[in-house]
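Here are a few friendly notes to read alongside the model. Take them in order, with the viewer open.

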Amino acid sequence: MVFSQVISLVLALIIAFFSVSPSAEALDYTKRDLAEVDFSGQNLTDATFNKTNLRSANLSQSDLQGVSFFGANMDSINLEGANLTNSILDSARLTRANLRNAVLEGAFATNTKFEGANIEGADFTDVILRPDVEEMLCEKAKGVNPTTGRKTRDTLYCS
């Protein structure tokens with residue numbers, strides 16, 4: 001009787017081990033072409049997208065905390081409602097990006113291009129930006145982030 005219980009337990013452990021899917025948070029997509037890919041609603045915490053082509057990709061409602069997008073092509077990307085807290089956006093091209101209601105708190109974005117981006121309701125609290133980029137974003141900043149309750153203009157220190 002004990003032997004059959006041990007066998008059942010071992011089989012259950014083996015099935016559980018092989019059933020667990022690998023965590024997305026350790027994924028490395030560096031230098032890949034992921035144009036138009038759909039990652040919406042996924043947990044990609046701590047993933048790496050350095051120098052990756054994400055043109056027109058959908059990462060809306062995704063958890064992107066700590067993700068590195070260094071030098072990525074994010075033209076026309078959909079990041080609506082995404083959590084980009086503490087992400088690295090330095091040297092990324094977020095031209096024409098949809099950042100509506102995204103949380104970028106603590107992100108590093110010193111050389112990031114935001115021309116034509118929709119930032120309505122985005123939270124830029126403690127985001128490191130160049131002064132000229134901050135000024136450009138202030139020209140179109142409006143809305144309140146539904147997650148943090150912060151006004152976009154306030155998070156950018158707009159006058």
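1. Contact here means heavy atoms within 4.5 Å. By that rule, and leaving aside residues up to four places away in sequence, M74 touches L54, F69, L79, L89, A92, R93, L94, T95 and A97.

2. A word on the source: this is a predicted model, where local features need pLDDT of at least 70 and side-chain atom pairs count only at pLDDT 80 or more, while totals for chains, interfaces and linings use all residues. Residues are numbered from 1 along each chain as its sequence is written, and side-chain values use heavy atoms, with hydrogens and water left out.

3. M74 is also among the residues with the most contacts inside the largest nonpolar core, together with F49, F69, L79, F114 and F124. This core has 40 residues; a nonpolar core is a set of buried Ala, Val, Leu, Ile, Met, Phe, Trp, Tyr and Cys residues joined through side-chain atoms within 4.5 Å. In soluble globular proteins, nonpolar side chains tend to be buried together.

4. Both F49 and F69 are buried (buried is under 20% relative accessible area, exposed over 50%, partly exposed in between, with a 1.4 Å probe and protein chains only).

5. Please look at the rings too: Y29, F39, F49 and F69 are linked into a cluster by ring pairs (rings of Phe, Tyr and Trp, the last by its six-membered ring, pair if their centres lie within 6.5 Å; planes under 30 degrees apart count as stacked, over 60 as edge-to-face and the rest as tilted). There are five aromatic pairs in the structure. One of them, F49 with F69, is stacked, at 5.2 Å centre to centre and 15 degrees between the planes.
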